[in-house]
Amino acid sequence: MKIIVKSLLKGLAIILPLVITLELLRWLLHTVETVLTPVLQLVLPERWYLPGMAILAFILVCIAVGYSSKWPNFNWFWQLPGKVLMKLPGTKQVYGMLQDIIDLMSGKNFTDGSVVMVKLPSSEIELIGIVTKHGGQPHDRMSSLMQEEQLAVFIPMAYNVGGYTIIIPRSCTRNIEMKPAEALQLVLSGGLGNTKAPGKGW
């Protein structure tokens, strides 16, 4: 019985992530196809439209938006809908939460070289964190609350999209060679992922 339960749990661990990922991908593709197909059918002659063209159009639009955002005027335009949603009651919380989650998981707002080990006072315990602010920076709300030799460090939590921001002396940290996105993945998975060490092969 023990072997059966163990095999079941191992099988679920292999199959469930695959099933969930494929189902999310299927839902995304179906949604894009459903929404954009009528638009393309208005623009293109009916005989020209082929299944899947909506998905291709969506990818091309994403590439165009991402590329054009390099220019300030275009970037301002693409950011405008989000700014409007952030002003509306109800949508502000949902849109802001989704944006924060995506930014957090992508490491967008973290710079390279900002991953540190934080040593707890009077302890040998260290935590992986990401530096978000340096003390002494002008015109920054968080930095104005800190002394010049202090750092604001984000400490992510395992298996949870969240964490803590702590203010600590620079002397309590040491830099480690890791990209912020890699650090987030490593900590959020509790170190159980298969992320390889730098310079190591398969």
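Biologist: How many residues sit between β1 and β2 in the hairpin?
Modeller: Six residues lie between those two strands. In that turn, S122 has a positive phi of about 55°. Keep in mind that this is a predicted model.

Biologist: Okay, and how many bridges join β1 to β2?
Modeller: Five, and the two strands run antiparallel. β1 covers residues 115-119, while β2 covers 126-134. If you want a pair to look at, find V118, which stands opposite L127 in β2.

Biologist: What about β5, how does β1 pair with that strand?
Modeller: In the antiparallel sense, over three bridges. β5 is residues 173-175. There, N175 is the bridge partner of V116.

Biologist: Is β1 mostly covered or mostly open?
Modeller: Mostly covered, with four of its five residues buried.

Biologist: Switching to charges. How many salt bridges are there in the structure?
Modeller: There are four. One of them joins the side chains of E124 and K119, at 3.5 Å from N to O.

Biologist: Which salt bridge links distant parts of the chain?
Modeller: That would be R174 with E126, whose side chains meet at 3.0 Å, N to O. R174 is in β5 and E126 is in β2, 48 residues apart. R174 counts as partly exposed because its relative accessibility is 42%, and E126 is partly exposed too, at 31%.

Biologist: And where do E23 and R26 lie?
Modeller: Both are in helix α1, three residues apart, which is about one turn of the helix. E23 is partly exposed at 40% relative accessibility, and R26 is partly exposed at 46%.

Biologist: Staying on that helix, is T37 buried or exposed?
Modeller: T37 lies in α1, which spans residues 2-43. T37 is buried, because its relative accessible area is 14% and the cut-off is under 20%.

Biologist: So what does T37 touch?
Modeller: Leaving out residues up to four places away in sequence, T37 touches V32, Y49 and A54. Also, a polar atom of the T37 side chain lies 2.4 Å from the backbone oxygen of E33.

Terms used:
Residues are numbered from 1 along each chain as its sequence is written. This is a predicted model: local features need pLDDT of at least 70, side-chain atom pairs count only at pLDDT 80 or more; totals for chains, interfaces and linings use all residues. Side-chain values use heavy atoms; hydrogens and water are left out. Buried means under 20% relative accessible area, exposed over 50%, partly exposed in between (1.4 Å probe, protein chains only). A polar contact is a pair of N or O atoms within 3.5 Å; within protein, one must be able to donate a hydrogen and the other to accept it, and residues adjacent in sequence count only if both atoms are side-chain atoms. Contact means heavy atoms within 4.5 Å. Two strands pair if DSSP finds at least two bridges between them.
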